Amino acid sequence: MFKKILIANRGEIALRVIRTCKEMGIKTVAVYSTADAESLHVRFADEAVCIGPAPSSQSYLKMVNIISAAEITNADAIHPGYGFLSENSKFSKICQEHNIKFIGASPEMIDKMGDKASAKATMKAAGVPTVPGSDGLLESYEQAEKIADDMGYPVMLKATAGGGGKGMRAVWAKEDLLKAWESARQESAAAFGNDGMYMEKLIEEPRHIEIQIIGDSYGRACHLSERDCSVQRRHQKLTEETPSPFMTDELRDKMGKAAVKAAEFIQYEGAGTIEFLVDKHGNFYFMEMNTRIQVEHPITEEVIDYDLIKEQILVAAGQPVSGKNYFPQMHSIECRINAEDPYNDFRPSPGKITTFHAPGGHGVRLDTHVYAGYTIPPNYDSMIAKLITTAQSREEAISKMKRALDEFVIEGIKTSIPFHRQLMDNPDYISGNYTTKFMENFEMK
């Protein structure tokens with residue numbers, strides 16, 4: 001087992017990893033930018049190293065600084081959390097070269113599954129259902145036009161290096177294709193330094209349902225059931241739940257088997273998610289794979305009583321997975337609490353928290369790194385907390401979430417708490433009748 005793990009991340013996920021490491025008797029090293037000197041993950045780690053100024057390009061993305069911090073503290077493993085360098089094959093390879101265990105996917109696996117076009121081709125070869133579309137990258141606009149004509153509109157243009165909705169364009173008619181092609185390529189080149197595009201048939205009224213998997217270094221994998229992530233704004237998830245209100249036992253069995261087949265086909269090691277689009281008829285299609293822990297992992301932990309971070313560490317240390325698939329025994333909902341103003345188009349709201357009161361009680365979990373007096377820097381993602389409620393039924397989990405949101409007090413900044421409170425009263429949400437288009441018709445009152 002590892003003696004000391006450096007967490008190459010910040011905020012709540014860094015604190016989450018530190019907690020499990022402490023329970024396992026493993027020493028921890030926090031890294032932080034100058035903007036994060038007062039964050040709780042810095043306070044609770046055994047050691048902390050400043051790795052640069054506030055911009056992430058000069059700190060949390062600065063590989064040489066992170067490796068240096070690992071070497072001077074004699075860390076024998078690095079946990080990357082999510083975001084930042086968690087799916088960076090170059091960083092995974094540098095860790096290998098410095099004899100530091102990267103608690104995540106191998107560089108080869110990240111390259112294979114991180115590029116969406118090659119991931120789709122790999123899943124096709126594995127026999128996992130994929131969305132009809134181009135075979136690999138589009139070589140020209142003329143090829144895009146022909147494939148769209150053959151498939152029929154609507155179609156979706158996607159950047160192969162995309163994420164967070166960048167480089168994606170829905171095209172409903174032929175006359176709109178050229179403009180979408182040019183703007184998507186420009187946006188992708190600016191965001192990722194890569195303007196490669198591919199095309200898929202646009203799945204109408206889809207749900208975004210992902211399957212959590214764990215694979216070991218012996219080629220075996222198991223799944224931990226699904227999470228429904230369909231409530232999104234600009235392709236960013238706002239809330240998640242498990243089990244999905246759309247799911248049937250038969251569909252869960254099919255999707256779980258497909259996810260395990262995908263993981264074992266590529267001999268995947270570590271925690272990951274196979275993400276699917278599911279249409280209104282229950283047909284499901286591989287969308288992408290995330291080769292890291294997910295923001296929404298706590299709801300899975302709550303419904304099957306399972307520490308995903310601990311399992312990541314055990315698998316990275318060479319232990320096998322159980323081979324058993326897990327199914328939800330309860331219902332869990334997560335609300336992402338962001339420092340944003342939901343009454344002003346979710347505009348970011350960094351600044352000093354003057355008052356902070358955390359909700360509590362049976363079935364309530366709060367993952368956060370903030371507190372009264374903490375100043376939220378403007379340099380990073382606006383998520384400041386994850387509020388999770390778990391109960392015997394979906395109705396009870398929603399009631400518990402309403403109560404917990406009413407108890408949650410954060411003053412000094414704007415937060416998304418009022419949005420989530422309204423969401424929990426929305427008839428379509430309460431009935432489980434929502435898709436990825438849900439937010440297009442949602443208005444704050």
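**Ground rules.** I number residues from 1 along each chain as its sequence is written, and side-chain values use heavy atoms, with hydrogens and water left out. Because the model is predicted, local features need pLDDT of at least 70 and side-chain atom pairs count only at pLDDT 80 or more, while totals for chains, interfaces and linings use all residues.

**Entry 1: the cavity.** I looked for cavities (sets of points on a 1 Å grid over the protein atoms alone where a 1.4 Å probe fits but cannot get out). I found one cavity of 30 Å³ or more. The largest cavity holds about 50 Å³ of space, where a volume is the space filled by probe spheres set on the points, joined across faces, edges and corners.

Next I listed its lining residues (an atom within 4 Å of a point). They are Ile 103, Gly 104, Glu 269, Gly 270, Ala 271, Gln 312, Val 315 and Ala 316. Strand E14 (270-278) and helix H11 (308-316) are the elements that give two or more residues to this lining. H11 gives the most, with three residues. Helices (H or I, at least four residues) and strands (E, at least two) are DSSP runs, numbered from the N terminus.

By class, I noted four nonpolar, three polar and one charged residues in the lining. Here Ala, Val, Leu, Ile, Met, Phe, Trp, Tyr, Cys and Pro count as nonpolar, Asp, Glu, Lys and Arg as charged, and the others, Gly among them, as polar.

**Entry 2: helix H9.** I checked the length of H9 (residues 249-265). The expected span is 1.5 Å times one less than the number of residues. For 17 residues this gives 24 Å, and the end C-alpha atoms are 24 Å apart, which agrees.

Buried residues (under 20% relative accessible area, 1.4 Å probe, protein chains only; exposed is over 50%, partly exposed in between) of H9 include Leu 251, Arg 252 and Met 255. The buried residues of H9 pack against H6, E9, E10, E14 and E15. After H9 comes Gln 267, whose phi is positive, near 55 degrees.

**Entry 3: two residues.** I looked up Ser 188 in helix H8 (residues 177-192). Ser 188 is buried, with a relative accessible area of 0%. Not counting residues up to four places away in sequence, Ser 188 touches Ala 159, Gly 167, Gly 193, Asn 194 and Asp 195; contact means heavy atoms within 4.5 Å.

Arg 421 lies in helix H13 (residues 417-423) and is partly exposed, at 22%. Leaving aside neighbours within four places in sequence, Arg 421 is in contact with Lys 402, Leu 405 and Asp 406.

Conventions
1 Å grid on protein atoms, 1.4 Å probe; cavity = no way out; pocket = protein on both sides within 12 Å on 5 of 7 lines; lining within 4 Å.
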